[in-house]
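Reader: I am new to this structure. Please walk me through it in short steps.

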Amino acid sequence: MESEKGVRLGSSLPGRLLEPFDELVRRRRYRTRSEAVRDLIRKTLVEEEWKTSGGEVAGTLTLVYDHHFRDLPGRLMDIQHQSHELVVATQHVHIDHHNCLEVLVLKGPAAEVESLAGSLMACVGVKHGVFVPSTTGKDLA
Ligand code: NI
């Protein structure tokens with residue numbers, strides 16, 4: 001295992017790649033290029049974890065829906081209960097008289113978490129659904 005001090009890497013980039021990268025570093029308010037590179041590496045490792053991991057992953061699902069729409073709240077609740085072992089936490093916010101915003105924290109095997117998120121987003125009446133695959137962080141420095 002590498003020390004906390006880390007390893008120095010030298011790399012060369014074509015100028016036309018460096019210019020937009022430096023612009024990204026500024027826009028996202030990284031203090032150094034190294035911080036941006038570390039984040040990009042972590043992002044790629046998390047994506048890879050989702051494709052290849054047999055272990056646990058985590059993610060969040062945001063849903064916006066009208067709770068008056070047919071039996072939608074009941075169906076969303078049924079689906080969550082059918083996979084209750086994957087649902088770590090939920091937060092429900094009543095945006096206005098009609099609309100609800102719900103955020104679910106999901107954790108479990110990647111394929112199962114993705115499938116649950118897909119089932120919820122696909123429910124007729126869900127106005128907006130965004131799934132953000134993340135990580136439990138166990139294998140990420
Ligand atoms: Ni509500």
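Author: Start with a definition: helices (H or I, at least four residues) and strands (E, at least two) are DSSP runs, numbered from the N terminus. The model is predicted: local features need pLDDT of at least 70, side-chain atom pairs count only at pLDDT 80 or more, and totals for chains, interfaces and linings use all residues. Residues are numbered from 1 along each chain as its sequence is written, and side-chain values use heavy atoms, with hydrogens and water left out.

Reader: How far apart are R42 and D39 in helix α2, in helical turns?

Author: R42 and D39 form a salt bridge, meaning a side-chain nitrogen of Lys or Arg within 4 Å of a carboxyl oxygen of Asp or Glu. Their closest N and O atoms are 3.1 Å apart. The two residues sit three residues apart in helix α2, so the separation is about one helical turn.

Reader: Is R27 buried, partly exposed or exposed?

Author: Buried means under 20% relative accessible area, exposed over 50%, and partly exposed in between (1.4 Å probe, protein chains only). E23, the salt-bridge partner of R27, is partly exposed at 34%. R27 has 56% relative accessibility, so R27 counts as exposed.

Reader: What is the distance between the closest N and O atoms of R75 and D71?

Author: Side chains of opposite charge can pair when their charged atoms come close. R75 is partly exposed at 28% relative accessibility, and D71 is partly exposed at 46%. They form a salt bridge, and the closest N and O atoms are apart by 3.3 Å.

Reader: Which residues do salt bridges that share partners join into one network?

Author: The whole structure holds nine salt bridges. One of them pairs R27 with E23, at 3.9 Å between the closest N and O atoms. Through shared partners, salt bridges join into one network E23, R26 and R27.

Reader: What is the relative accessible area of C100?

Author: H92 is partly exposed, with a relative accessible area of 36%. C100 is buried, with a value of 2%.

Reader: How many disulfides are there?

Author: A disulfide is taken here as a pair of cysteine sulfur atoms within 2.5 Å. By this rule, the count is zero. C123 is in no disulfide: its nearest cysteine sulfur, in C100, is 14 Å away. C123 is buried at 7% relative accessibility, and the disulfide count stays at zero.

Reader: Which residues is L120 in contact with, leaving aside its neighbours within four places in sequence?

Author: L120 is among the residues with the most contacts inside the largest core. Contact means heavy atoms within 4.5 Å. With those neighbours left aside, L120 is in contact with L61, L63, L76, I79, Q80, L104 and V126.

Key. Core = buried A, V, L, I, M, F, W, Y, C linked by side-chain atoms within 4.5 Å.
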